Structures are given as C-alpha cells and as structure tokens.
Amino acid sequence: MRRLLFALAATSLFATSATAALKVGDKAPDFSTTGAVGGKEFKLHLAEQLKKGPVVLYFFPKAFTSGCTAEAHAFSESIGDFKKAGAEVIGMSADDLKTLHDFSAKECRSAFPVATATPAIQKEYDVAWAAHPGITTRTSYVIGKDGKVAMVHDDLDFSQHVAKTLAAVKALK
C-alpha cells in the first residue's frame with residue numbers, strides 16, 4: 001500500500017510539473033526587464049508592447065553562439081514581414097546587458113530588441129534549461145494583442161522558429 005501511495009504521489013508530482021509550461025490560450029505573464037536595440041538600452045514592459053499588436057517572444061540560449069547568431073540573422077531578415085503582419089519581435093536570453101547591447105547591434109542588425117530573461121521570467125515562461133543552469137531553452141511564443149499565447153514552438157533547432165512564428169502571427173488576423 002505504501003508503494004502504491006508513493007507511486008500515485010510521484011505521478012501527481014510529475015503531472016503538475018508537466019503542466020507548468022505555457023500552453024496555447026494561456027494568459028502570458030506580464031513582466032518588465034531591460035535589454036537593447038541597436039546597441040542602446042531598451043526598457044521592455046510586455047503589456048506596453050502588446051498595446052501595439054502581437055508579440056513574438058523568442059527565447060534563445062546564448063548570444064554569439066552559432067545557432068543563436070543564425071536565428072538572430074533569420075529574424076532580422078524577416079523583420080519586415082513581421083512588421084507588415086503587425087507584430088513586434090523580441091529576443092530574450094539570460095545573457096548580461098553588455099552582451100545584449102553588442103548582440104543587438106551586431107547580430108540582430110539593430111532590427112529588433114533583445115532583453116534579459118531574469119530567473120523570474122524564465123520560470124514564468126518555463127524556459128530555464130535544467131541541464132544548463134543560467135541558460136534558456138530555445139522557445140518561441142506568439143502572444144496575441146489580447147495577451148494570450150497563440151503559439152508555442154520549443155525546439156533547439158532554430159531553423160523553423162521564424163517561419164512558424166510568422167505563420168502564427170499571420171493566422172491571428
């Protein structure tokens with residue numbers, strides 16, 4: 001009997017953990033943080049950004065690594081399509097502000113802001129990478145103007161994040 005109770009408790013614990021991630025339809029947690037765009041400091045308040053339209057919030061593991069640099073280039077090359085669809089793109093990582101200043105100008109090509117994903121933001125968006133403390137997973141969220149999550153794409157392979165988030169933004173119209 002004791003084993004059965006332990007097994008049920010463990011199952012319940014894991015079920016709770018598995019449902020912690022944001023899902024489509026969930027209200028996106030509001031937050032404020034600091035980042036950079038074009039090498040200049042940028043104050044980010046999600047609720048303020050959502051007043052302008054949908055937001056693509058893409059979390060990336062580490063600035064200036066090959067995959068994160070390629071992803072930043074892909075988003076910057078497609079920024080006109082996102083703007084045409086009425087959406088803002090914001091990159092998020094656990095990198096420090098100085099690194100983000102450099103990354104925003106060099107690799108994001110001053111096309112969109114990147115901001116610091118604090119430990120609290122990482123927890124709220126379920127993007128803390130357990131195997132690599134202090135680094136976020138590669139997860140993209142499309143958040144509608146209503147503040148609700150419209151799409152989640154969680155994949156370390158950056159190659160589909162731009163196409164999938166852009167398609168989700170276009171589907172909001």
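A residue is called buried when its relative accessible area is under 20%, exposed when it is over 50%, and partly exposed in between, with a 1.4 Å probe and protein chains only. This is a predicted model, in which local features need pLDDT of at least 70 and side-chain atom pairs count only at pLDDT 80 or more, while totals for chains, interfaces and linings use all residues. Residues are numbered from 1 along each chain as its sequence is written, and side-chain values use heavy atoms, with hydrogens and water left out.

Seven helices and seven strands make up the elements of the chain; these are DSSP runs (helices H or I, at least four residues; strands E, at least two), numbered from the N terminus. Their order from the N terminus is α-β-β-α-β-α-α-β-α-β-α-β-β-α. Of the 173 residues, 46% count as buried. Among contacts (heavy atoms within 4.5 Å) with a separation of 6 or more, 67% join residues 24 or more positions apart.

Helix α3 covers residues 66–77. The buried residues of α3 are G67, C68, T69, E71, A72, F75 and S76. They pack against β3 (55–59), α4 (79–84), β4 (88–93), α5 (97–106) and α7 (161–171).

The loop between α6 (119–124) and β6 (139–143) contains G134. Because its relative accessible area is 54%, G134 counts as exposed. Its C-alpha atom lies 9.3 Å from that of S93, a residue 41 positions away along the chain.

Methods. Expected span 1.5 Å × (residues − 1).
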